[in-house]
Amino acid sequence: EAKNVYFRALMALARGRNCFIWGMPGTGKDALAHAFSAYTRTPLVELAFKPGVDISPWFYRQVLTAEGPAWEYGYLWKSITQGVLGRDGKRRPALVLLSDVDRADMSQVEWFRVLCDSMGGRILDPSGEMIPLFPGTRFVCTANSCGSGDARGRMTSANPIDASILDRLGRKIEAVYLDWEDESGVLRSKFPIVAEKSPTLFAELGKATDALRKSIKEETLSAEFTHRGLCEILQECDDILSFQSDVPRNLLALGFRAWTEGLDGDSRLQAKRLIDPHLKGGALNT
């Protein structure tokens, strides 16, 4: 399923389209843009929306010089109107990654509207003149919600996106988690010592992951279980193995503390009940 999702996204980027990719945290939305940039040698300009931050310097601001007031143009403005200068002296179109666009607050929305209008190929400068974008400039917007705010109440900073803005963000694509066969391959490459010393651990972890994510999707468990969470668990397992020669029978249960101890009491107990059948030695007593 994830392969089909990201094939659509890569197809759009390869054809020079804009994309709005949304979905659960840890599904690789921003990572896709980074991967496309790396594989195609496309310059990446990444900007993240954070509530309360003045984003006008991304575009332009008025400054005082020896000659009087003047406009100073920001990094984003220069990137989308002039391209990105390479070491070979050539300018190339940027892939602009706008991360967490649903976190834009009211003061940022109007600037965001200006940016959205630029996705049509032009942007308004301070004097009111329409300036064309550098040919080939593309935009990828990512978010945890589809633009209507987070109905689950987990992403408290996710705001509804104005429908007229959302309409300008390009192709709409919902991200999903990787199939465990693929995700476990990534994790094995990140944690080779764990994979070598406890090769069956990843099968346990896969079953536990499926149980947790199913419960989270059905909204019976109030938590997030992302790839980052999996890495924290395996990091703790890796640390345990580095301090003792024998592999504990309940290694994964011990590692899971790196994630379960970030939950409130009720959610922690519920999570342990979900993973307990899948872990050697169980999880309830760990």
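Which residue forms a salt bridge with Arg 103? The partner is Asp 100, with the closest N and O atoms 3.7 Å apart.

## Ground rules

This is a predicted model, where local features need pLDDT of at least 70, side-chain atom pairs count only at pLDDT 80 or more, and totals for chains, interfaces and linings use all residues. Residues are numbered from 1 along each chain as its sequence is written, and side-chain values use heavy atoms, with hydrogens and water left out.

Helices here are DSSP runs of H or I with at least four residues, strands are E runs of at least two, and both are numbered from the N terminus. Asp 100 counts as buried because its relative accessibility is 18%; the cut-offs are under 20% relative accessible area for buried, over 50% for exposed and in between for partly exposed (1.4 Å probe, protein chains only).

Most residues other than glycine have a negative phi. Glu 219 has a positive phi of about 60 degrees too, and is not a glycine either. That residue is in the loop between helix 9 (201-217) and helix 10 (227-243), and counts as exposed at 54% relative accessibility.

## Salt bridges

A search of the whole structure turns up five salt bridges, each being a side-chain nitrogen of Lys or Arg within 4 Å of a carboxyl oxygen of Asp or Glu. One of them joins Glu 72 to Arg 61, with 2.9 Å between the closest N and O atoms. This pair links distant parts of the chain, 11 residues apart: Glu 72 is in strand 4 (residues 68-73) and Arg 61 in strand 3 (residues 60-65). Glu 72 is partly exposed at 36%, and Arg 61 is partly exposed at 43%.

Glu 183 and Arg 213 make another bridge, their closest N and O atoms being 2.9 Å apart. Glu 183 lies in helix 7 and Arg 213 in helix 9, so the bridge ties together parts 30 residues apart in sequence. Both residues are buried.

## A negative patch

Asp 179, Glu 181, Asp 182 and Asp 210 form a negative surface patch. Patch members have over 30% relative accessible area and no salt bridge, and like charges are joined within 9 Å. Asp 182 lies in helix 7 (residues 180-190) and is partly exposed, at 45% relative accessible area.

Notes: Patches are made of residues with over 30% relative accessible area and no salt bridge: like charges are joined within 9 Å, nonpolar side chains (Val, Leu, Ile, Met, Phe, Trp, Tyr) within 5 Å. Accessible areas come from the Shrake-Rupley method with a 1.4 Å probe; for residues, only the protein chains shown count as cover. Lys and Arg count as positive and Asp and Glu as negative; His and the chain ends are not counted. The place of a charge is taken as NZ of Lys, CZ of Arg, CG of Asp or CD of Glu.
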